[in-house]
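These are my notebook entries on one protein model. I set down what I looked up, entry by entry.

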Amino acid sequence: MEHIEQVNEKIYSIDQQWLDNVQYNSCYLIAGERVALYDTGPTTSMEKVLQSVEELGFRPEDISCLIYSHIHIDHAGSAGVFSTRYPHLQVLVHEQGAPHLANPEKLYQSMKRVFGEMAEKMYGDVVPVPEEQLRPLADGEIIDLGGVQLRVLHTPGHASHHLCLYDDEHRVLFAGEALGIYLPEADVYFPSTPPPDFDLVSAVNSVEKLEKLPVEKVLFSHFGPAGDPVIPLKKAKEMLIDWGRIVYQAMSERDDTAYVLEKLSEESMKCIEHLRDAPELYRKYTELVRFRSGTTCGPGYIRYFKKGGVVL
Ligand SMILES: [Zn+2]
């Protein structure tokens with residue numbers, strides 16, 4: 001079961017094997033007296049996730065709730081299909097995200113806009129979560145699974161409706177995308193700052209809120225448990241600020257998006273510098289980092305600054 005990793009006696013990390021991509025999307029199974037899944041991913045991951053749940057010895061009927069870090073399609077795209085297939089499930093999400101899961105038309109349209117014809121193939125169906133199954137989460141609230149308690153931490157930045165979970169007893173942080181992306185195979189960290197919602201000040205404030213916790217284990221939604229509890233928090237803050245400075249500076253030099261994106265792309269390559277001696281990994285991650293900085297991170301910063309956001 002190389003797609004499943006046991007984090008501790010109650011928590012398992014599941015590789016969603018999304019479209020057969022390994023080490024890309026994580027889902028977490030939390031086995032208290034009641035069982036929860038955190039970030040089930042898009043509908044195209046659902047069968048693989050369910051298969052992993054069964055390999056762990058649970059039936060879908062044993063799951064009591066789905067909890068989402070945020071409503072982006074790669075995290076919560078399957079919430080509607082899951083919850084309509086299994087009407088006993090509760091769907092727990094940030095109070096600001098809940099209306100969008102009840103009526104996912106906007107999510108669906110933005111997925112279509114970004115991915116066009118490919119959207120359905122990549123992410124599958126997006127259908128409404130029945131209102132009676134939705135449970136909005138407030139900041140500081142405790143989700144009690146019996147034997148495991150998860151504290152809800154609103155962590156805006158990546159998106160205004162982003163939340164993390166913290167297991168105080170085991171000191172485990174379910175970071176969602178608040179600390180960006182971690183690529184364990186290459187030990188690479190980088191920020192995740194998509195338009196239209198990314199907010200630099202909120203993102204850094206959220207990292208500072210997480211830094212105050214005595215975290216021993218950080219679980220990324222992209223991807224998996226990080227080996228070190230301190231580095232991800234430190235890196236996330238530094239890189240969010242540095243990348244912001246690069247974009248801000250480039251925007252003040254030229255009113256030219258291609259120029260700004262190229263400057264960020266150059267900066268982003270620093271995070272894979274340590275792979276120079278591993279040419280295959282270097283090639284693979286050059287492509288990925290350039291793609292992410294050009295299509296997601298750069299446009300997110302540009303939009304943030306155009307809206308009047310401040311540099312740090
Ligand atoms: Zn994501």
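**Domains and their contact**

I began with the domains and found the C-alpha centres of domain 1 and domain 2 to lie 25 Å apart. The assignment places domain 1 at 4–228 and domain 2 at 238–306; such bounds come from an automatic or database domain assignment. I note that this is a predicted model, in which local features need pLDDT of at least 70 and side-chain atom pairs count only at pLDDT 80 or more, while totals for chains, interfaces and linings use all residues. Residues are numbered from 1 along each chain as its sequence is written.

Domain 1 contributes 17 residues and domain 2 contributes 20 residues. On the side of domain 1 that touches domain 2, strand E13 (188–190) and helix H7 (200–211) are the elements giving two or more residues. I take helices (H or I, at least four residues) and strands (E, at least two) as DSSP runs, numbered from the N terminus. That side of domain 1 has 13 nonpolar, 3 polar and 1 charged residues. For these classes, Ala, Val, Leu, Ile, Met, Phe, Trp, Tyr, Cys and Pro count as nonpolar, Asp, Glu, Lys and Arg as charged, and the others, Gly among them, as polar.

**Helix H7 against helix H8**

I next followed H7 to helix H8 (residues 231–253): their axes come within 10 Å and cross at roughly 165 degrees. Axes are lines fitted to C-alpha atoms, for helices over the stretch in contact, and angles run from 0 to 180 degrees between N-to-C directions. H7 and H8 are therefore roughly antiparallel; angles under 35 degrees count as roughly parallel, over 145 as roughly antiparallel, 65 to 115 as roughly perpendicular and the rest as oblique. The crossing of H7 with H8 is left-handed (the near helix is turned anticlockwise from the far one by less than a right angle; clockwise would be right-handed).

I listed the residues that meet: Leu 200, Ala 203, Val 204, Val 207, Leu 210 and Glu 211 from H7, and Leu 233, Ala 236, Lys 237, Leu 240, Ile 241 and Gly 244 from H8. By class they are 9 nonpolar, 1 polar and 2 charged.

I found H8 and H9 packed at about 150 degrees, their axes 9 Å apart, which makes H8 roughly antiparallel to H9. Their crossing is right-handed. H8 contributes Asp 242, Trp 243, Ile 246, Val 247, Ala 250 and Met 251, and H9 contributes Tyr 259, Val 260, Lys 263, Leu 264 and Glu 267. I record 8 nonpolar, no polar and 3 charged residues in the contact of H8 with H9.

Helix H9 (residues 257–268) and helix H10 (residues 279–306) have axes that come within 9 Å and cross at roughly 125 degrees, so H9 is oblique to H10. The crossing of H9 and H10 is right-handed. Among the contact residues I noted Val 260 and Leu 264 of H9, and Gly 294 and Gly 298 of H10. The contact of H9 with H10 has 6 nonpolar, 6 polar and 1 charged residues.

**Two open sheets**

I traced an open sheet of 7 strands in the order E1-E2-E3-E4-E5-E6-E7, with mixed pairing; two strands pair if DSSP finds at least two bridges between them. Strand E1 (4–6) and strand E7 (134–137) are the edge strands, each pairing on one side only. Strand E6 (residues 90–94) runs parallel to E7, joined by 4 bridges, and Val 93 has Pro 136 in E7 as its bridge partner.

I found a further open sheet of 6 strands, ordered E8-E9-E10-E11-E14-E15, also mixed in its pairing. Strand E8 (142–144) and strand E15 (224–226) each have a single partner strand, so one side of each lacks a neighbour in the sheet. E8 pairs with strand E9 (residues 149–154) in the antiparallel sense over 3 bridges, and Ile 143 stands opposite Leu 150 in E9.

**Backbone exceptions**

The bond from Pro 195 to Pro 196 is cis, with omega near 5 degrees; Pro 196 lies in the loop between E13 and H7. The bond from His 222 to Phe 223 is also cis, with omega near -10 degrees. Gln 23 has a positive phi, near 55 degrees, and is found in the loop between strand E2 (11–15) and strand E3 (26–31).

Methods: Two residues are in contact if their C-beta atoms, placed from the backbone, lie within 7 Å.
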